[in-house]
Amino acid sequence: MERRGEEDTMEAIRKQLLDKLDELNRRDAALQKHIRHQDGRNEQDWSDRAALLENDEVVDALEGDARAEILQIRAALARLDAGSYGECVTCEEPIAPARLKALPFATTCIECARAAER
């Protein structure tokens with residue numbers, strides 16, 4: 001019976017990761033349209049163009065963040081498939097469920113994460 005509960009939990013995590021991946025892919029597509037000036041914005045005068053260029057810098061940063069998270073989620077899905085999801089890559093101990101709930105693509109337990117920050 002415990003095995004079934006674990007499978008249900010892993011499927012819930014998989015769904016959460018896939019939903020987040022879909023959201024990030026949609027966001028990335030919108031950011032790509034913006035970067036390529038295919039989002040219908042109109043650059044009429046100099047001040048509008050200057051504001052849009054400033055916005056482009058922010059969009060570039062957002063795109064980088066989205067792509068990094070996409071890679072992390074794909075790696076978490078691969079760990080799920082391999083059966084190593086929830087195992088710290090540093091100490092090989094289980095990652096606390098609360099940490100995985102907050103950060104489903106976490107690769108380290110909180111102790112190893114804190115040690116790495118020092």
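Start by colouring by pLDDT, the predictor's confidence in each residue, from 0 to 100. The protein averages 83, and 75% of the residues score at least 70. Among the elements, helix α2 (residues 46-82) has the lowest mean pLDDT, 79, while α4 has the highest, 94. This is a predicted model, and local features need pLDDT of at least 70, side-chain atom pairs count only at pLDDT 80 or more, and totals for chains, interfaces and linings use all residues. Residues are numbered from 1 along each chain as its sequence is written, and side-chain values use heavy atoms, with hydrogens and water left out.

Now switch to cartoon. Helices here are DSSP runs of H or I, at least four residues, and strands are runs of E, at least two, numbered from the N terminus. Of the 118 residues, 29% count as buried; that means under 20% relative accessible area, with exposed over 50% and partly exposed in between (1.4 Å probe, protein chains only). Among contacts (heavy atoms within 4.5 Å) with a separation of 6 or more, 53% are between residues 24 or more positions apart.

Next, select N25, in helix α1. N25 is partly exposed, at 32% relative accessible area. Leaving aside neighbours within four places in sequence, N25 is in contact with I70 and R74.

Time for the largest pocket. Rolling a probe the size of a water molecule over the atoms shows where empty space is left. On a 1 Å grid over the protein atoms alone, a pocket is an open set of points where a 1.4 Å probe fits, with protein on both sides within 12 Å along at least five of seven lines; lining residues have an atom within 4 Å of a point. The largest pocket has a volume of about 490 Å³, counted as the space filled by probe spheres set on the points, which are joined across faces, edges and corners. Select M10, I13, Y85, G86 and L100: of the 21 lining residues, these are the closest to its centre. Helix α1 (2-35) gives the largest share of the lining, 8 residues, and α1, α2 and α3 each supply at least two. The lining divides into 9 nonpolar, 5 polar and 7 charged residues. (Ala, Val, Leu, Ile, Met, Phe, Trp, Tyr, Cys and Pro count as nonpolar, Asp, Glu, Lys and Arg as charged, and the others, Gly among them, as polar.)

Jump to E92, in the loop between α2 and α3. Its phi is near 65°, a positive value in a residue other than glycine. Most residues other than glycine have a negative phi. E92 is exposed, with a relative accessible area of 58%.

Move along to T108, in the loop between α3 (97-102) and α4 (110-117). Buried or exposed? T108 is buried, at 15%. Not counting residues up to four places away in sequence, T108 touches C88, V89, T90, I95, R99 and A113.

Last stop: C109 and C112. How far apart are their sulfurs? They are 3.6 Å apart, too far for a bond, because a disulfide is a pair of cysteine sulfur atoms within 2.5 Å. The count comes to 0 disulfides. Both cysteines count as buried, C109 at 5% relative accessibility and C112 at 16%.
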